[in-house]
Number of protein chains: 2
Amino acid sequence: MSEIIYFEDTEVGSSIEFEPLTVSREEIVDFARAFDPQPFHLSDEAAALTHFGSLASSGWHTTALAMKMMVAAWQANPGMQAASLGALGVDELRWLQPVRPGDTLHGQSEVIEKKASKSRPEMGIVKTLVTVFNQRDEPVLTMKPIAMFRTRPA
Amino acid sequence: MSEIIYFEDTEVGSSIEFEPLTVSREEIVDFARAFDPQPFHLSDEAAALTHFGSLASSGWHTTALAMKMMVAAWQANPGMQAASLGALGVDELRWLQPVRPGDTLHGQSEVIEKKASKSRPEMGIVKTLVTVFNQRDEPVLTMKPIAMFRTRPA
């Protein structure tokens with residue numbers, strides 16, 4: 001069993017890589033139908049009437065895929081998942097390029113800031129910069145999640 | 001047919017209300033399995049080992065539900081959907097309270113800022129403050145999407 005990677009073990013500047021993930025047309029349309037049924041997320045025909053030109057994923061789908069890749073990277077190291085206590089929020093989420101059917105995404109997360117929690121000594125706050133790229137290495141998404149991690153028991 | 005509500009028709013301070021939406025345990029677990037399979041989003045038992053205490057939705061699920069409610073509000077007024085061109089990103093997304101199985105969410109979106117696009121005269125940029133509440137009127141989510149809307153044709 002891996003040792004738990006506590007808040008105290010987290011270092012500013014350290015990063016993890018996300019394994020590639022391919023998104024299908026069906027997944028893009030299914031997510032849009034469930035959560036963001038705007039015409040340009042549902043068909044090429046409707047997207048052709050906008051600056052998207054052809055079907056583009058909902059930004060929320062791209063963001064959910066970023067989370068999926070990040071959790072997979074944590075869970076490849078159980079000591080990292082064991083310390084995760086969710087997140088307070090996210091700053092500066094940006095959708096930089098449309099994500100298209102068949103795109104293969106990859107990405108990384110880098111620790112940019114950490115601070116102890118004043119109100120909750122059992123957890124610390126870690127801010128990361130997450131960047132997701134497509135198969136042409138163009139950034140499609142950046143965001144700065146503010147996550148909580150367990151502190152080492154006294 | 002409704003008239004299109006162009007960027008020029010958007011007023012700072014104007015707001016729209018979101019119709020209530022109830023989230024089930026199955027939906028919470030299905031979303032988490034697909035995109036955010038951290039233990040506290042999958043079962044009460046695992047959540048009991050964290051500050052969540054019992055099953056809580058992924059923050060990304062709550063955010064996707066906010067989008068779903070917002071798009072439903074736009075599509076109740078087709079002139080509003082017709083002007084929407086997606087979003088550049090979101091600032092200051094905050095998950096303020098866990099969302100639980102059976103919670104009924106409602107919310108609102110208020111225009112807080114608007115500006116013309118320098119590079120793309122066919123669209124303008126509108127920043128809103130979205131707030132989602134639970135059935136006890138506790139805010140569970142706030143965020144500031146930066147959306148693009150069509151400008152009135154010359």
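Guide: Happy to, and keep in mind that this is a predicted model. In it, 27 residues of chain A are in contact with 27 residues of chain B.

Visitor: Which part of chain A gives the largest share of the side that touches chain B?

Guide: That is β2(A), with 12 residues. Both α3 and β2 (84-95) of chain A supply at least two residues each to that side. By class, the side of chain A that touches chain B has 13 nonpolar, 9 polar and 5 charged residues.

Visitor: And what does β2(A) pair with?

Guide: Its partner is strand β2 (residues 84-95) of chain B, in the antiparallel sense over 4 bridges. For instance, A:V90 has B:L93 in β2(B) as its bridge partner.

Visitor: OK, helices now. At what angle do the two α3 helices pack?

Guide: At about 175°, with the axes of α3 (residues 59-75) of chain A and α3 (residues 59-75) of chain B 11 Å apart. Angles over 145 degrees count as roughly antiparallel, so α3(A) and α3(B) are roughly antiparallel to each other.

Visitor: Which residues meet there?

Guide: From α3(A) come A:W60, A:T63, A:A64 and A:M67, and they meet B:W60, B:T63, B:A64 and B:M67 in α3(B). This contact divides into 6 nonpolar, 2 polar and no charged residues.

Visitor: Switching to α1(A): which of its residues are buried?

Guide: A:I28, A:F31, A:A32 and A:F35. They cover an arc of only 100° around the axis, which puts them on the same side of α1(A). On the other side, A:E26 and A:R33 are exposed.

Visitor: What do the buried ones pack against?

Guide: The buried residues of α1(A) pack against α3 of chain A together with α3 of chain B.

Methods
Residues are numbered from 1 along each chain as its sequence is written. Chains are lettered from A and ligands numbered from 1 in the order in which they are written. This is a predicted model: local features need pLDDT of at least 70, side-chain atom pairs count only at pLDDT 80 or more; totals for chains, interfaces and linings use all residues. Axes are lines fitted to C-alpha atoms, for helices over the stretch in contact, and angles run from 0 to 180 degrees between N-to-C directions. Angles under 35 degrees count as roughly parallel, over 145 as roughly antiparallel, 65 to 115 as roughly perpendicular and the rest as oblique. Two residues are in contact if their C-beta atoms, placed from the backbone, lie within 7 Å. Ala, Val, Leu, Ile, Met, Phe, Trp, Tyr, Cys and Pro count as nonpolar, Asp, Glu, Lys and Arg as charged, and the others, Gly among them, as polar. A residue is buried if 20 or more other C-beta atoms lie within 10 Å of its own, exposed if 12 or fewer, and partly exposed in between; C-beta atoms are placed from the backbone. The arc is that of the directions from the helix axis to the C-beta atoms. Two strands pair if DSSP finds at least two bridges between them.
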